[in-house]
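Colleague: I'm new to this one. Could you walk me through it and tell me what backs up each label you use?

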Amino acid sequence: MENEQVQPSYWPSVMIGAIIVSVVTSIFGFALLYYVAGSEPGMGTLMISGLTIPITCLVGLIGGIISTRHYAKTYDITFPIGKGALIGLFTGIAAAIMATIIGQIWNLVDPGLMDRFGETIIAAFEQAGNIPEAQKEESIASMMENFEKQKTLGGILQGLAINMGVLGIVNLISGMIGAKIFASEEE
Amino acid sequence: MTLNIQAHNQSLYILVAVLSGFIFFAALGPGLYGGEIIPRVSWQHIMFNLLCHQDIARSFSINGTAMAVCSRCIGIYGAFVISWLLMPLIVYIVGNRSKILLKLFGISIASNLIDVIGNLIGFWANTSESRFIFGVLFGASSALLLMNEFFKRLNTEV
């Protein structure tokens, strides 16, 4: 331990990665909500094929790469992939918390958005002709229950916990990749 | 001459194997457990709503229910976990080729970007199958890029 150098804190890099991921994913998320909420109910609403935003895929998992790159380049240091994994994990967790806060703030700006989104989705589902009536009613009841639940504190915390888990895992992996590319100890 | 495999960071390897396996099975969506037809409100769909557009028209389905992620993303998660589990075997067969794997990783990102941009500006229309293949390329190359951090092939003269 006596030869081990004290490395600078990685938290500023974690916060930078988390802010970028949470802001970008929130923008795409709101774009999708407004598109669905403002469209005429129909199977097209469920399929949203008119709105092809394929770059939303993978945006959520670049946080680990951004944070590890920022940490390595800012301090010109190398570190093992285990540390990259830790930085990525914290970035994912912080991004989930920030995205939830952004969502709740936007909920104050436009409190009816989630209701309009839910009503459009349910109306579109009611029009679906290929589902048996009994199953349709059961599914709609379940959807309404879920939309109501998402407005409660318990629902918000449950969503936060799920997002912290999944963003934490994928950014843990991207943190390892970032450490391998930008901070490898190999020659 | 005999070939030996030396393992490193074993705890992290096992942790990532378990977590990425969980992510992959969750990404397969509610259809895996019996065909529940509730778009966008299953716990699997909520899990990936910050990671994927989840467009039903661009997703594969199981038991008539769309997966929780699009065809490109399921290719990424599936190929990543399979490549991760096969890592010791791949190291044993092909050895440690960091520079080639880094190039493969770069090519996989570039090919996905070209596919997305070409589709967006109307040069071509990609399909679920083509998006899946590009996703597989990215997922596999991501896992293999990290290969020599976990396993190294040692050539031992006898």
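Modeller: From the N terminus on, chain B runs β-α-α-β-β-α-α-α-α-β, which makes 6 helices and 4 strands. Helices (H or I, at least four residues) and strands (E, at least two) are DSSP runs, numbered from the N terminus. This is a predicted model, where local features need pLDDT of at least 70 and side-chain atom pairs count only at pLDDT 80 or more, while totals for chains, interfaces and linings use all residues. Residues are numbered from 1 along each chain as its sequence is written, chains are lettered from A and ligands numbered from 1 in the order in which they are written, and side-chain values use heavy atoms, with hydrogens and water left out.

Colleague: Why is B:Phe48 called buried?

Modeller: Buried means under 20% relative accessible area, with exposed over 50% and partly exposed in between (1.4 Å probe, protein chains only). B:Phe48 has 0%, so the label buried applies. This residue is found in the loop between helix H2 (43-47) and strand S2 (61-62) of chain B.

Colleague: What does B:Phe48 touch, leaving aside its neighbours within four places in sequence?

Modeller: Contact means heavy atoms within 4.5 Å. The partners of B:Phe48 include A:Val166, B:Ile23, B:Ala26 and B:Tyr77.

Colleague: And what makes B:Ser20 count as buried?

Modeller: Its relative accessibility is 5%, so B:Ser20 counts as buried too. B:Ser20 lies in helix H1 (residues 10-27) of chain B, and beyond its neighbours within four places in sequence, B:Ser20 is in contact with A:Ile173, B:Phe80 and B:Val81. Across the 158 residues in chain B, buried ones make up 52%.

Colleague: How do you know where H3(B) has a kink?

Modeller: The bend at a residue is the angle between axes fitted to the seven residues ending there and the seven starting there. At B:Met87, shortly before the proline B:Pro88, there is a kink of about 60°. The span can be checked as well: the expected value is 1.5 Å times one less than the number of residues. For 24 residues a straight helix would span 34 Å, but H3 (residues 71-94) of chain B spans only 29 Å between its end C-alpha atoms.

Colleague: What follows H3(B)?

Modeller: B:Gly95 does, and its phi is positive, near 80°.
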